[in-house]
Amino acid sequence: MAARNTHVALSTVTNSILQQESSLGVTQFQRQPHGVEMTAEGYKFYNRARHILDTLDEAVSEPHFQSLQLLGSIRIAASYTMLGYFLPPRMARFRQHYPDIDLDLHDRERPQIEQGVLDGDLELGVVVLSNVRDRDRFAHHVLLRSRRQLWTSTGHPLLEQKHASLEDIARYPYIQLNVDEAERSTRRYWKARGIPPNIAFSTSSMEGLRGLVAYGFGVSILSDMVYRPWSLEGGRIETVPVLDVIPHMEVGLIWNRERSLSETARAFQQFLIHSSGS
């Protein structure tokens, strides 16, 4: 598939991989009877390479933001998932463009972020927008839509299927994440299907959930944005598309529609919109 997609001979791809592994001194792929799996070392290298390519794309596609004469601060709040998986690299790139703007960042739950925006205490909120009730109370913008898939351990019976329905998943222990209203989101689509999940354990630790899933203690449905194929202990995590209609997780910005954004907040708002390709 890689050879076909890059329009080169199969031997060229194979030799390139072998040469790269030899140069790095690590094995990047494990050869299996029916294909290959990326190793932990391979995944680390992939992430570094992906970051370089993403940075290049952004350099070409982002507008030429100007830092001249733009000073001040922006009072922003973000929820757990946004702080852990979405916002930090974008804030770092924004700071490169606007080194004299201070990002006054606060860690809050979604209801507190909403209230802060309505009260004028916060200029911008970065939240799981799909959890916001009556989002038209705010000016808002969707920055990212991330699909949800089933996470399992290697060798799990559901991996033998092309897709897994909620009815299939309900037969196995379910690990429930309970931060950033993940439990509420889960209940919503399970209830719509009329099937209760077989919840074996609830946790507020994403890394704890990864470990439990990777070592076969249960399965979970989470978004691609927070997916990593390895637990901290090195256990492999696989994904399976869910057959039933599962809503995407929407990441977005909210701000007060009755108040004008400051020049600095407007710069950050536009930077997030453009850098997210939204």
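On a 1 Å grid over the protein atoms alone, a cavity is a set of points where a 1.4 Å probe fits but cannot get out, and a pocket is an open set with protein on both sides within 12 Å along at least five of seven lines; lining residues have an atom within 4 Å of a point. Grid points are joined across faces, edges and corners, and a volume is the space filled by probe spheres set on the points.

The model is predicted: local features need pLDDT of at least 70, side-chain atom pairs count only at pLDDT 80 or more, and totals for chains, interfaces and linings use all residues. Residues are numbered from 1 along each chain as its sequence is written, and side-chain values use heavy atoms, with hydrogens and water left out.

**View 1. The cavity.** A search of the whole structure finds 1 cavity of 30 Å³ or more. The largest cavity has a volume of about 230 Å³. Its lining has 22 residues, and Arg148, Leu177, Ala182, Leu222 and Met249 lie nearest its centre. Two or more lining residues come from each of α4 (80-85), β8 (174-177), α8 (182-193) and β10 (220-223); helices (H or I, at least four residues) and strands (E, at least two) are DSSP runs, numbered from the N terminus.

**View 2. The sheet of β10, β7 and β11.** Three strands form an open, antiparallel sheet in the order β10-β7-β11, where two strands pair if DSSP finds at least two bridges between them. The edge strands, each pairing on one side only, are β10 and β11 (237-240). From one strand to the next, the twist averages 45°. Strand β7 (residues 148-153) pairs with β11 over 4 bridges, and Ser153 stands opposite Ile237 in β11.

**View 3. Helix α9 on the sheet.** Helix α9 (residues 206-214) lies across β7, β10 and β11, at about 55° to β7. Axes are lines fitted to C-alpha atoms, for helices over the stretch in contact (heavy atoms within 4.5 Å), and angles run from 0 to 180 degrees between N-to-C directions.

**View 4. The largest pocket.** The largest pocket has a volume of about 1,200 Å³. Of its 33 lining residues, Tyr46, Asn47, Arg50, Asp54 and Arg228 lie nearest the centre. The largest share of this lining, 11 residues, comes from α3.

**View 5. The second largest pocket.** This pocket has a volume of about 720 Å³. Among its 21 lining residues, Ala2, Val13, Ile17, Gln20 and Phe29 are the closest to its centre.
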